[in-house]
Amino acid sequence: MATNHRTPSISRRAFLCNSGAISLGLMTLSLAGGTACAPQGGSTNAVTFSVGTDLISSDPHRSGGQAASNVQRHIFEPLIGRDASLNLVPLLAKSWTQVDPHTWTFAIRENIRFHDGTTLSGRDVKATFDRIMDKNSPLINRTAVSTLKSVDLVDPMTVRFVTIKPDPVLLSRLSIPSTVILPASVIAAITGDAEPQPVGTGPFKYAEWVKDDHLTMDAFPDYWGTKAKVSRLIHRPIIEASTRVAALRTGTVDFITNVEPQQIAEIESDPKLEVELVPNARVYFVGMNTFRDPFRDVHVRQALNYAVDVDSIIRDLIGGRATRVPSVLSAEQFGFDPTLAPYKYDPELAKKLLADAGFPTGLDVTMHTVKGRYLLDAEIAQAVAGQLAKVDVRVNVEILEYANFLARLFDAKNAENRFTMFYFAYGTPILDADDTMAGYFDSRRRGLYYNDPELDALIAEGQSNVNADERKAVYASALAHLKDAAPWIFLFQMQDVLGVNKRIAGWSARADESISLAEVSMTS
Amino acid sequence: MTRFILRRIAQSALVIWGVCTIVFFLMHASGDPVQLLLPTDASDEEIARVRSQLQLDRPLTEQYVNYLSRLIQGDLGQSLRHRRPALELLAERVPATLQLTVGALLVCLLVALPLGTLSALKRDSTIDTISSFVALLGQCVPTFWLGIVLIMIFAVQLQVVPVMGAGTLAHLIAPSITLGAYSAALATRMVRSSLLDVLDQEYVRTARSKGLTEWAIIVRHVAPIAAMPVVTVISLQIGYLLSGAIVTETVFNYPGMGLLVVQAIFGRDFTLVQGFVILLSIVIVSINLLVDIIYSVLDPRVRFQ
């Protein structure tokens, strides 16, 4: 066949000439590029990090999710902060007093400079909260100010907050990233949908933002607190997890979040890098619709809690990087009761409860979940289904895309559209029991999958009682109620996995998913 | 001729309208952007307020009519998440995506022309077998996987290209290869079969018997004829490359239209996704139209079919 007469041969010289030209062209292409591939910011005293996605907006009052908050917290600051143990500590407010159940006054810290050179005063605080409370402001995250009635100036450095009803969670609310203080002059200059100038009081000031590529922050020399040890902080959004790890390995970034379990070994094999674990307050659970069969019967719900060997899921699937929760709260949330014990694993008891409830041959049910939103979400749902199969609860796991999942999960209008059973995680930065209690179980707010008058009363008590010890007792009762009513299969709280280059030190990560590189330092 | 072109333009407009409509209803049926914009503990009143601000509380038909009437005036609407005109957001990303597309096209040509030609000239030789295998591989390998493998080898192990990002020529190399691989494979096979078709023709044999050098035959007599179907396939690949940029840009975190749109899809940013699909369909329909017109000029029979 090789001697086919129709197969002509090109002359040797012509072929060499041709391929030579092509190789030369390719070489030029790669050389021209090769000179410019040093990681950005690598030469100066700059630390680069990646928390996943990029900001949607430079406006800190808009809800941009946890990733955006973790970038913006270096530029902006709220009135109140949290220390490493998650205790509330003074930040831009140096002290506060509760005048009566509805009224708080905050003394604003003196001599604090904004990045534009102006000095912080009570006026800026009032302007900020007026902006957040204004119902006509587009897309502002108003969750934190839902209980606020007014914010007024008492004197130039004192601000009075009045709430609609007594709000024991107010201080926590004033610590979350969507309540950071902007200068009054910047707020006054906003027109329509435009974003405010990114001017804050934080240790770093905004320098440059190229959307989806990098956001550069320079150290602010006039910062009031501990000054930054590096001259520059660069955030590089990297959505894809394996690309993030590749960027860490090449030194393109020094710090990454959301490392997947299968990537841990890859990072640990590199002597320059290390893996760090941080507890996360988010609670993972399987929700059951108690307004629908077969979960109307509390015995069925309790049976499912006895049927799942949560410890083995933690050990075998998550590599031990999770801790069981006995009810709906995790250890870092206010109101958690450490004396409450989780359901023990008892498949025999589960079978008996199911039989007594009228399901001697088991039952069939569909569980919905997302994939890729939370660590190993679909895999964990499958593992739970596998455990339930052992007591003849045959679970069909269906995966939905997150937007679709969320639309059905909290469909306030159409009860038919909601799920019978689902795998989900709940947690917000406020770290207070009220978040989960009111956001999920309160019949006046949601209570879409379970609610109860007795629980409603406890939730209302927790929302209005400003005595911390009494509130704890109220939530202990609520947690015990929920454990018995078993509207969830209570699972665990996980640990976040971070990848860090050993050349940086001084970063901090907390259980409320906040990351700070404000005091990071770097060795060459 | 004018009638033919006008008819084709009208057909193209119909196609674009169809695409807009399908995308509009699919996006609205598949999730709620407001719940994704707000924290999970946002109250129902809060959700209702934002929904009304974004005018998503109006009846779907009313939203559709508004959307079409804006579209006719050339307004793609405002991005729900970014609160900026969708056209402006997309236009900012066009240069980066075009660079990537051109890079991929270059990869396609640099691989397909020499490899396809060589395997046609050396039919059934070892080179031909290798080239067929490479082409098959290029068509089978998923873009996503290829991108990650290239990052692992060239960025992490050899450190000759950057892991991700954009800005220099070096940033373009790995994404261009990733994106261009499929088209390169397709075009290699096309060049080969097209050349073989022409090489079979009698006028080639005549040219050879006249004593022309093999090189002269290829360049002067074979290539121009064989190029026709190759050019068609490659120009139709431009649409594939533009849309394929979505996956490639995500893997390499390359800040083009694809990366913007992937996030818009997950966030159910209806207007932005619709804007992208409309732009893309206009580009693809225009290329098809252009190819049709060029064909009708070159071959008058096309006009009467």
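Below, we talk through the contact between the chains and then some local details.

Mentor: Before we start: this is a predicted model, where local features need pLDDT of at least 70, side-chain atom pairs count only at pLDDT 80 or more, and totals for chains, interfaces and linings use all residues. Residues are numbered from 1 along each chain as its sequence is written, chains are lettered from A and ligands numbered from 1 in the order in which they are written, and side-chain values use heavy atoms, with hydrogens and water left out.

Trainee: Okay, how many residues does the contact take from chain B and chain A?
Mentor: Chain B gives 66 residues and chain A gives 65 residues, with contact meaning heavy atoms within 4.5 Å.

Trainee: And what area is buried between chain B and chain A?
Mentor: About 5,700 Å², with 58% of that coming from carbon and sulfur atoms. Buried area is the accessible area (1.4 Å probe) that two parts lose on being put together, summed over both.

Trainee: How many salt bridges are there between chain B and chain A?
Mentor: The count is 2, taking a salt bridge as a side-chain nitrogen of Lys or Arg within 4 Å of a carboxyl oxygen of Asp or Glu. A:Glu401 forms a salt bridge with B:Arg268, and their closest N and O atoms are 2.4 Å apart.

Trainee: What classes of residue are on the side of chain B that touches chain A?
Mentor: That side has 34 nonpolar, 16 polar and 16 charged residues. Here Ala, Val, Leu, Ile, Met, Phe, Trp, Tyr, Cys and Pro count as nonpolar, Asp, Glu, Lys and Arg as charged, and the others, Gly among them, as polar.

Trainee: How do the axes of H6(A) and H7(B) cross?
Mentor: The axes of helix H6 (residues 241-249) of chain A and H7(B) come within 10 Å and cross at roughly 5°. Axes are lines fitted to C-alpha atoms, for helices over the stretch in contact, and angles run from 0 to 180 degrees between N-to-C directions. That makes the two helices, H6(A) and H7(B), roughly parallel, a label for angles under 35 degrees.

Trainee: Which residues of H6(A) meet H7(B)?
Mentor: A:Ser242, A:Thr243, A:Ala246 and A:Arg249 do, and they meet B:Ile148, B:Ile151, B:Met152, B:Val156 and B:Gln157.

Trainee: New topic: how many helices and strands are in chain B?
Mentor: Chain B has 12 helices and 0 strands; helices (H or I, at least four residues) and strands (E, at least two) are DSSP runs, numbered from the N terminus.

Trainee: Last one: which peptide bond is cis?
Mentor: The bond from A:Asp293 to A:Pro294 is cis, with omega near 5°.

Terms used:
Angles under 35 degrees count as roughly parallel, over 145 as roughly antiparallel, 65 to 115 as roughly perpendicular and the rest as oblique.
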